[in-house]
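Let's take a walk through a protein fold together, one piece at a time. Keep the sequence and the 3D view open while you read.

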Amino acid sequence: MSKSLPVQAQLLAFFAGLFLSAVATQGQASKGDFSSVAAAGKVNGDTYQNSYLGITLSAPKAHWEVRGPISVQRRQARLIDAVYDSGVPERGPEENYTLALLVESQENFPKGTTTEKYVRNLRHRVEDENVKIYREEFPLTVQGVPFVGTVFQFFERPDFGYFRALYSTVLNGYFVTVEVQCGDEEHLQKLLSSAVKITPRSKQ
């Protein structure tokens, strides 16, 4: 069992709390509509596909789990988590990784809130003595779709930690965030690029 797993559990709990910490006060998005977002996600082998958002995550040999929280009332959700553990402790920092997909209605925020402002809001809610900002907001493109990213370093002890990045964009009226964790900061964006496929949702 890799010793990275306790760290993963801490981080999952930490970021879950972060994600549902802001109360939705802007707008009155349909709860039925948000329920459709969660219901549209399906796991098939190594992939998770959400047809409502038009996004697919691929995580070969990973374990998929719906850990939540999912809040229809707040129009926020942690839809899916994927954990890959090589089972070899000495290779854990180089090979182990986690992915997650988070969504939040744009109507939770003032009209005109940009993805950069959204990510900055997330960043400010994350920082504490054990979680340090490694890289502030920066633009990037994944399959032609603009994202904004930020990178944190979570310290298990003073000389050892993991990197976790949040990469956000807007899809079909929702801020969609792909969360990536691994032991090497340079590997984060490679994992993102290999994991994410975006297919525009067909017009109804």
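Is Leu166 buried or exposed? Leu166 is buried, because its relative accessible area is 2%, and buried means under 20% relative accessible area, with exposed meaning over 50% and partly exposed in between (1.4 Å probe, protein chains only). Before we go on, a word on ground rules: this is a predicted model, where local features need pLDDT of at least 70 and side-chain atom pairs count only at pLDDT 80 or more, while totals for chains, interfaces and linings use all residues. Residues are numbered from 1 along each chain as its sequence is written, and side-chain values use heavy atoms, with hydrogens and water left out.

Back to Leu166, which sits in strand S10 (residues 160-171). Strands (E, at least two residues) and helices (H or I, at least four) are DSSP runs, numbered from the N terminus. Now find Leu101: it is 65 residues away from Leu166 along the chain, yet the two C-alpha atoms are separated by 9.7 Å.

Next, let's look at a sheet. Strands of a sheet pair through backbone hydrogen bonds, either parallel or antiparallel. Here, two strands pair if DSSP finds at least two bridges between them. Four strands make an open sheet in the order S1-S2-S3-S12, with antiparallel pairing. Why do S1 and S12 stand at the edges? Strand S1 (41-44) and S12 each have a single partner strand, so one side of each is left without a neighbour in the sheet. From one strand to the next, the twist averages 15°; for such angles, axes are lines fitted to C-alpha atoms (for helices over the stretch in contact), and angles run from 0 to 180 degrees between N-to-C directions. Helix H5 (residues 185-195) packs on this sheet and touches S3 and S12, its direction making about 45° with that of S12. Contact here means heavy atoms within 4.5 Å.

Strand S2 (residues 47-50) and strand S3 (residues 55-58) run antiparallel, joined by four bridges, and Thr47 stands opposite Ser58. Their hairpin has four residues between the strands, and there Gly54 takes a positive phi near 75°. S3 also pairs with strand S12 (residues 196-198), in the antiparallel sense over three bridges, with Ile55 opposite Ile198.

Some loops are worth a stop as well. Gln143 has a positive phi of about 55° although it is not a glycine, and Gln143 belongs to the loop between strand S8 (131-142) and strand S9 (145-157). With a relative accessible area of 48%, Gln143 is partly exposed. Asn172 has a positive phi too, about 50°, and is not a glycine either. You'll find Asn172 in the loop between S10 and strand S11 (174-182), where it counts as partly exposed at 36% relative accessibility. For another backbone detail, go to the peptide bond from Gly68 to Pro69: this bond is cis, with omega near 5°. Pro69 lies in the loop between strand S4 (63-65) and strand S5 (70-71).

Last stop: Asp81, in strand S6 (residues 76-84). Asp81 is buried, with a relative accessible area of 2%. The side chain of Asp81 makes a polar contact with the side chain of Arg78 (2.8 Å). A polar contact is a pair of N or O atoms within 3.5 Å; within protein, one must be able to donate a hydrogen and the other to accept it, and residues adjacent in sequence count only if both atoms are side-chain atoms.
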